[in-house]
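Q: Hi! I've just opened this one for the first time. Could you walk me through it?
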Amino acid sequence: FRRVRRESSLSLSRSLKMAQSVLDTMPGAATGTVLLTDPLNFWDGKRVKPRQEKNAEPVFEPATGRVLCQMVPCGAEEVEEAIESAHAAYLKWSKMAGMERARVMLEAARIIRERREKIAKLETINNGKSITETLVDIDISWQTIEYYAGLAGTLAGQHVQLPGGSFAYTRREPLGVCVGIGAFNYPFQIAAWKSAPAMACGNAIVFKPSPMTPVTAVVLAEIYKEAGVPDGLFCVVQGGADTGTLLCHHPKVAKVSFTGSVATGKKVMEMSAKGVKQVTLELGGKSPLLIFKDCELENAVKGALMANFLTQGQVCCNGTRVYVQREIMPQFLEEVVKRTKAISVGDPLLDGTRMGALISKPQLEKVLGFVNQAKKEGAKVLCGGEPFVPSDPKLKGGYFMSPCVLDNCRDDMTCVKEEIFGPVMSVLPFDTEEEVIQRANNTTFGLASGVFTRDISRAHRVAEKMEAGTCFINNYNISPVEVPFGGYKMSGFGRENGQVTIEYYSQLKTVVVEMGDVDNYF
């Protein structure tokens, strides 16, 4: 017994060392100083070196433009290994009681909470957003795992009484191996959002991060292992479209949950359809924010800033079409421009910074192109919309821009119709409630919406008429884990967060029990 205990404690100390190796360098790390060399793939309970390095792609630190690490995409053999590893873990995990799974998940949540500052720092270095925001993201991550741990022991079916003492019951069962495909804007949080409900239901998950942000999902994998999940339960495979295609087509994958663009979402759905796999799609948005003249103006201005400038504007549910009732347009614009100009742009690891760098140089150029296009179409730039060079010399190669407010916008402008995915707010006047609802819904997107008003009847009337998966009343961009999140129309389907997500990571079996004789028609 003593020898077994000693071996298990040695194994635990090895996993502790593994899980903390990258994070232990974080307290002393500064922007522009980190270089990562550890393998970024993870299956069979360990980091896995790529089979070959020939297709390596550089991963850049957005704040400096320097190379942070190399991402080597997984090929068919590696994807096969990861999925086999996940399937073996699923066979063990799915047989455990929900309360057993809950204990392991709660331990993972505890470890994340304990290391939140280190994980947030690594996330900021890879992603470019301010440390103030990433700390919130990491907190949401452990809260998500904790929440679904609480649901793991509650999974239950229904008992239905039938004539003659017969009865039926339903069982909620796991799907098997699920695939999660993440986006670059919330790398660690999306990995938690997809893995927590999947694991609570008894599934294994193979996660593919965005090729631009491959670093922190592996840390989550190590933490899950340290918490006690079976080896392979949460695997990480790196890569772009080719790796994603291999995952979507694999016959042992039961479900694909994708966060990203509409165009890629369509491809994921098409590929998954060939294997009749379940799909959750959380896609883009061009969400409307309606500000009525009877609003609390201070809150409406703060709401508009939160709806446009979080994560450098790289948020799918951002309220980037800000409709303001004509009577208060001058006051709103004056205040929102004043606040936007005051946003501190710079080193994302500094506590005082409120906006970091965009994810990549091409993304920065794309967003600046949208601003130039808006000017050509008649929009007026009230502030920002230009490349920004911080005074710190080490940030001169970073992908910064000044947050932008556009006035004189029309519904037919490119900046109002298309998702920019950058810090650009388009402001439009409106006169009546009926008119603005019609304009707000005139889009192929339907992820989110918002309304600021003191009129309680109007607030609920507008919420009911918005063709979107979420409507925020007198706030914007808050995402409690208890509340479902997902889209209407081309913004996708399925939900993340909330109790309802259990239905998207499980399947229902009906069992019919006959207590009498069989009726014979023959």
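Q: Which residue forms a salt bridge with Arg 113?
A: That's Glu 146, and the closest N and O atoms of the two are 3.1 Å apart. Keep in mind as we go that this is a predicted model.

Q: Where do Arg 113 and Glu 146 sit in the chain?
A: Arg 113 is in helix α3, residues 98-114, and Glu 146 is in helix α5. They are 33 residues apart, so the pair links distant parts of the chain.

Q: Is Arg 113 buried, exposed or partly exposed?
A: Arg 113 counts as partly exposed because its relative accessibility is 32%, which lies between the 20% and 50% cut-offs. Glu 146 is also at 32% and counts as partly exposed.

Q: How many salt bridges are there?
A: The count comes to 32. One of them joins the side chains of Glu 496 and Lys 194, at 2.8 Å from N to O.

Q: What does the pair of Glu 496 and Lys 194 tie together?
A: Glu 496 lies in the loop between β19 (492-493) and β20 (506-513), while Lys 194 is in helix α6 (residues 187-200), so the pair ties together parts that are 302 residues apart in sequence. Both Glu 496 and Lys 194 are buried.

Q: And which residue does Glu 335 pair with in a salt bridge?
A: Glu 335 pairs with Lys 338, with the closest N and O atoms 3.5 Å apart. Both lie in helix α11 (residues 329-341), three residues apart, which is about one turn of the helix. An α-helix has 3.6 residues a turn, so residues three or four places apart point the same way. Lys 338 is exposed, with a relative accessible area of 52%.

Q: Which residues do salt bridges that share partners join into one network?
A: Asp 294, Glu 433, Arg 458 and Arg 461.

Q: Back to α3. How many residues does it have, and how far does it reach?
A: Helix α3 has 17 residues and reaches 24 Å from its first C-alpha to its last, close to the 24 Å expected. Its buried residues include Gly 98, Arg 101, Val 104 and Met 105.

Q: What covers the buried residues of α3?
A: The cover includes α2 (76-93), α4 (116-127), α5, α6 and α7 (216-227).

Q: How many residues are in the largest nonpolar core?
A: It has 165 residues, and those with the most contacts inside it are Val 206, Leu 290, Ile 291 and Phe 332. The largest share of this core, 10 residues, comes from α5.

Q: What is Val 206 in contact with?
A: Leaving aside neighbours within four places in sequence, its contacts include Ala 82, Ile 83, Val 177, Cys 235 and Leu 247.

Q: New topic: how much space lies in the largest pocket?
A: About 880 Å³. It is lined by 34 residues, and the closest to its centre are Phe 258, Thr 259, Gly 260, Ser 261 and Thr 264.

Q: Which element supplies the largest share of the lining of that pocket?
A: Helix α9 does, with five residues. Elements that each supply at least two residues of the lining include α8 (241-249), β10 (253-259), α9 (262-273) and α12 (361-376).

How values were computed
Residues numbered from 1 in each chain as written. Predicted model: local features only at pLDDT ≥ 70, side-chain atom pairs only at ≥ 80, totals over all residues. Heavy atoms only, no water. Core = buried A, V, L, I, M, F, W, Y, C linked by side-chain atoms within 4.5 Å. Buried < 20%, exposed > 50% of the residue type's maximum accessible area, 1.4 Å probe, protein only. Helix = DSSP H or I, 4+ residues; strand = E, 2+ residues; numbered from the N terminus. Contact = heavy atoms within 4.5 Å. Salt bridge = Lys/Arg side-chain N within 4 Å of Asp/Glu carboxyl O. Expected span 1.5 Å × (residues − 1). 1 Å grid on protein atoms, 1.4 Å probe; cavity = no way out; pocket = protein on both sides within 12 Å on 5 of 7 lines; lining within 4 Å. Points joined across faces, edges and corners; volume = space filled by probe spheres on them.
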